[in-house]
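Hi everyone, thanks for making time.

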Amino acid sequence: MDNEENKPDQDQAIITRIQAFAKETKADSNPDELEHLKKLIKRNVPFTLRGYFMAYLLRQLMNGGNRFERRGQRPQRGERPQRPARPQQAEEQGTNPATTGVTEEQASAEVKPAHEQKPLPEGAKTLYLNIGKMKRLYVKELCQIIQDQIGVTREDIYAVRIHDKYSFVSMSQENCDKAIGKMNGMDIKGRTITVTYSNKE
């Protein structure tokens, strides 16, 4: 009887968590990685199983990832089961090994944009933009806007970092000057943006 009485509360806790994950998904700063993971799931999980697959992942997450399959898969004596990274940790690391079939290094290498991999060249400058993830602005999208506005290639954009309310973009001083001249005051996602040289970089 106690289990039946507690079930509505348990369900509500799960619903709250699902809604929080859905909200985080919409505001995720790396849609390219999500697209990559979605393709991996699509290739490896049959369509008819995907609903159960998501439910299984959620259960594993709610249980801390410590539940082993009932087929006798148990940790060896003296061996601790390895916990998957929490969602926040996985986001910081760039991948969530609990939901992929590859290692963190492999996933990062596959989905990491080329402009984020190379070090900043000498003389590079960094711009500050007063728009970020809260406006659902993503790296790929911002790069495309810059390319369209100032006529550069993806390789000309050395680094892009998007935070909740602001973003940083690193390029050559010439391209930064162009971006300030053409993009300062333009409308992006309903916000009039300010583009200036960053004081913090």
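Let me start with a question: how many residues apart are Lys 178 and Glu 174 in helix H8? They're four residues apart, and because of that spacing they're separated by about one helical turn. Helix H8 covers residues 173-183, if you want to find it. Keep in mind that this is a predicted model.

Now, that pair does something together. The side chains of Lys 178 and Glu 174 form a salt bridge, with 3.9 Å from N to O. As a reminder, side chains of opposite charge can pair when their charged atoms come close.

If you search the whole structure, you find four salt bridges. I'll show you two others.

Look at Asp 164 and Lys 133. Their closest N and O atoms are 3.9 Å apart, and they form a salt bridge. Where do these two sit in the chain? Asp 164 is in the loop between strand S2 (159-162) and strand S3 (167-171). Lys 133 is in another stretch, the loop between strand S1 (125-129) and helix H7 (139-150). So this pair ties together parts that are 31 residues apart in sequence.

And here's one for you: is Lys 133 buried or exposed? Its relative accessibility is 14%, so Lys 133 counts as buried, because the cut-off for buried is under 20%.

Next up, Lys 189 and Glu 141. Here the salt bridge between the side chains comes in at 3.0 Å, N to O. This one also links distant parts of the chain, 48 residues apart. Lys 189 lies in the loop between strand S4 (187-188) and strand S5 (191-192), and Glu 141 belongs to helix H7. Both ends are partly exposed: Lys 189 has a relative accessible area of 37%, and Glu 141 has 28%.

You'll find Met 62 in helix H3, which runs over residues 50-62. Met 62 is partly exposed, at 32% relative accessible area.

Key. Residues numbered from 1 in each chain as written. Predicted model: local features only at pLDDT ≥ 70, side-chain atom pairs only at ≥ 80, totals over all residues. Heavy atoms only, no water. Buried < 20%, exposed > 50% of the residue type's maximum accessible area, 1.4 Å probe, protein only.
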